[in-house]
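Please keep the sequence and the coordinates at hand while reading.

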Amino acid sequence: VQLQASGGGLVQAGGSLRLSCAASGRTFSRYAMGWFRQAPGKEREFVAVISGSGGITSYADSVKGRFTISRDNAKNTVSLQMNSLKPEDTAVYYCAAGPSYSSNSKTYDYWGQGTQVTVSS
């Protein structure tokens, strides 16, 4: 599986961005898809995960109520809608695919290249 993330950019606090991740391969629906982020000087952290069918989602407490993860298995894409963005959301965002529905980055086998999100105050 190859993953290509896009949609990052510079936005003011309170604004919105939508990240997308396009996946190759015919088995996309078999993978749980996660979004993680890494800010400068910090460890990579979990943001959101969606099950293979799209029926189950989970979020980090820091983004709950502001971010929404979704997927389109017909198009092999997963998206992260980010609303009410805060400066502390600034990070490189990565999409990842793995066999398990998990918030643990170590369980993911495939990673996209990352897309930069910068939120100005």
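Is N83 buried, partly exposed or exposed? The model is a predicted one. In it, N83 has a relative accessible area of 30%, so it is partly exposed, because that class lies between the 20% limit for buried and the 50% limit for exposed.

**The loop between β8 and β9**

N83 is located in the loop that joins β8 and β9. Leaving aside residues up to four places away in sequence, N83 is in contact with G15, S16, R66 and F67. D61 is 22 residues from N83 along the chain, and the C-alpha atoms of the two are 15 Å apart.

S84 belongs to the loop between β8 and β9 (91–98) as well. Its phi is positive, near 50°, and S84 is not a glycine. Most residues other than glycine have a negative phi. With a relative accessible area of 42%, S84 is partly exposed.

N76 is placed in the loop between β7 (67–72) and β8. N76 is another non-glycine residue with a positive phi, here about 55°. Its relative accessibility is 14%, and N76 therefore counts as buried, the limit for that class being 20%.

Strand β8 covers residues 77–82 and contains S79. S79 is buried, at 9% relative accessibility. Beyond residues up to four places away in sequence, the contacts of S79 are R18, L19, S20, W35, T68, I69 and S70.

The residues discussed so far have these accessibilities:

| Residue | Relative accessibility | Class |
|---|---|---|
| N76 | 14% | buried |
| S79 | 9% | buried |
| N83 | 30% | partly exposed |
| S84 | 42% | partly exposed |

**Strand β4 and its partners**

W35, one of the contacts of S79, stands opposite A48 of β5. β4 and β5 run antiparallel and are joined by 5 bridges. The hairpin they form has 6 residues between the strands, and G41 in this hairpin takes a positive phi near 80°.

β4 also pairs with β9, again in the antiparallel sense, over 7 bridges.

How many of the 7 residues of β4 are buried? The count is 6, so β4 is largely enclosed by the rest of the structure.

**Aromatic rings and a charge**

A search over the whole structure gives 6 aromatic pairs. For the rings of F36 and F46, the centres are 5.9 Å apart and the planes stand at 70°, so this pair is edge-to-face; the class requires planes over 60 degrees apart. F36 is part of strand β4 (residues 32–38) and F46 is part of strand β5 (residues 45–50), so that the pair links distant parts of the chain, 10 residues apart. F36 and F46 are both buried.

F36 and F46 also belong to a cluster that ring pairs form with Y94, Y108 and W111. Which residue has its charged end over the ring of Y94? This is R44, at 4.0 Å from the ring centre. The charged end of R44 sits over the ring of W111 too, 4.6 Å from its centre.

**The protein as a whole**

The protein has 11 strands and 0 helices. Read from the N terminus, the order of elements is β-β-β-β-β-β-β-β-β-β-β. The radius of gyration is 13 Å, close to the 14 Å that the globule rule gives for 121 residues, so the protein is as compact as a globular protein of that length. Along the principal axes, the C-alpha atoms fill a box of roughly 40 × 25 × 25 Å.

Of the 121 residues, 43% are buried. Among contacts with a separation of 6 or more, 56% are between residues 24 or more positions apart.

Technical notes
Residues are numbered from 1 along each chain as its sequence is written. This is a predicted model: local features need pLDDT of at least 70, side-chain atom pairs count only at pLDDT 80 or more; totals for chains, interfaces and linings use all residues. Side-chain values use heavy atoms; hydrogens and water are left out. Rings of Phe, Tyr and Trp (its six-membered ring) pair if their centres lie within 6.5 Å; planes under 30 degrees apart count as stacked, over 60 as edge-to-face and the rest as tilted. Helices (H or I, at least four residues) and strands (E, at least two) are DSSP runs, numbered from the N terminus. Buried means under 20% relative accessible area, exposed over 50%, partly exposed in between (1.4 Å probe, protein chains only). A charge sits over a ring if NZ of Lys or CZ of Arg is within 6 Å of the ring centre and within 35 degrees of the ring normal. Contact means heavy atoms within 4.5 Å. The radius of gyration is taken over C-alpha atoms; the globule rule is 2.2 Å times the number of residues to the power 0.38. Two strands pair if DSSP finds at least two bridges between them.
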